[in-house]
Amino acid sequence: MRDVAVVGFAQRQMRDFDGSPTCVELLVPLFKECYEQTGWTRKDVGFWCSGSSDYLAGRSFSFVQAVDAIGVIPPVNESHVEMDLAWAMYEAWIKIQTGEVDTALVYAFGKSSAGVLRRTLSLQLEPYTMTPLWPDTVSLAGLQARAGMDAGLWDERAMAEVVNRSLTDAEKNDWAVRKGGSSVEELLARPMYADPLRKHDCAPVTDGAAAIVLAAGDRAREVCDRPAWLTGLSTYVDEMTMSRDLTGSASARRCAEALDLGGVDTAELHAPFSHQELVLCREAGLADDVTINPSGGALASNPMFSAGGIRVGEAARRIWAGESDKALAHATSGPALQQNFMCTLEVSTGSTTGGNR
């Protein structure tokens, strides 16, 4: 396997689009930032891959317009996934493994504020028995939270502790749209939103975009003093129905089992609801001394189709800064942690492990 590292990362997270710019106007500054980090130009990028959703954009082939941000003359080697940035990065990693290219720039974008997000995401559900009922994502997450509480796996205080830590850590994140911890008692005194969830237990609706730069071997060492090497990647998915055990996530557990998580000191987990962080920590078997979501995580800001990839970027930033030697990054999609992706990033290269189902 070829050694591949994350060597560039840029993001924009906002409560809503100011003046409703196009995706091109949002992406161009991100690409410029990635070029400045690496010293590259457009010609140095061997492969491009994007993540977005036509359902979210409200029009078909919305990703085609975004290609204008790259510049298509001369033509570029480009692909697209209807998934989060993390899965676009996975495709780019595979492309580099083929030996056809040595570098890649992956990006994703989404305007969640354009509609009622919790209703739009119902289109992810099983189409015959679930979607016709239009259960929204927050209500389904409430069912999951209640199932875990009834099983004695967590309680409201444990959920509030996750929120308080996340929003406190988010004070150091310039891109967080929600920040500022208070106290567990104050959080527990707030009214219910979708019992047993309060509003702070749910990720805020967030618009935004992000980009990640990958490079192989010496190309990575040329542009980064301390590359964040991808030493393991894994993705699995559970069945579409909601009849599965909601107190856990079999696909997240299989992702973790496919990776070497020994020595992980930092974990950026894509948990759009407070109790889901508890599920992920348990399924991954993370030790108590692992720093969880130092960026504030998805409870601080959660741009659709970028938030999972942002977890990878945030983990990489800590590797670059010398704050971490081995980090775990996680992305999720679908209701109640149905689809999951995990990867490990390390300061040194090693044999790459992973799984895919």
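Is Leu337 buried or exposed? Select Leu337 to start: its relative accessibility is 1%, so it counts as buried (buried means under 20% relative accessible area, exposed over 50%, partly exposed in between, with a 1.4 Å probe and protein chains only). What you have open is a predicted model, in which local features need pLDDT of at least 70 and side-chain atom pairs count only at pLDDT 80 or more, while totals for chains, interfaces and linings use all residues. Residues are numbered from 1 along each chain as its sequence is written, and side-chain values use heavy atoms, with hydrogens and water left out.

**Stop 1**

You'll find Leu337 in the loop between β10 and β11 (339–346). Helices (H or I, at least four residues) and strands (E, at least two) are DSSP runs, numbered from the N terminus.

Now hop to Asn293, in the loop between β8 (291–292) and β9. Asn293 also has a positive phi, near 45 degrees, and is not a glycine either. With a relative accessible area of 3%, Asn293 is buried.

Next, pick Asp195 and Pro196, which are joined by a cis peptide bond with omega about 10 degrees. Pro196 sits in the loop between α8 (184–188) and β5 (205–216). Why flag these spots? Because most residues other than glycine have a negative phi, and most peptide bonds are trans.

**Stop 2: the cavities**

On a 1 Å grid over the protein atoms alone, a cavity is a set of points where a 1.4 Å probe fits but cannot get out; a pocket is an open set with protein on both sides within 12 Å along at least five of seven lines; lining residues have an atom within 4 Å of a point. The largest cavity has a volume of about 40 Å³, a volume being the space filled by probe spheres set on the points, with grid points joined across faces, edges and corners. Helix α7 (residues 156–169) gives the largest share of this lining, three residues. By class, the lining has four nonpolar, one polar and three charged residues (Ala, Val, Leu, Ile, Met, Phe, Trp, Tyr, Cys and Pro count as nonpolar, Asp, Glu, Lys and Arg as charged, and the others, Gly among them, as polar).

How many cavities of 30 Å³ or more does the whole structure have? Two.

**Stop 3: the largest pocket**

Select Leu117, Leu121, Gln124, Thr137 and Met304, which lie nearest the centre of the largest pocket among its 46 lining residues. The pocket holds about 930 Å³ of space. Color α2 (54–57), α5 (117–120), α6 (137–150), β9 (302–303) and β10 (326–333), the elements that give two or more residues to the lining. α6 gives the most, with four. The lining divides into 26 nonpolar, 15 polar and five charged residues.

**Stop 4**

Finish with Trp134, in the loop between α5 and α6. At 36% relative accessibility, Trp134 counts as partly exposed.
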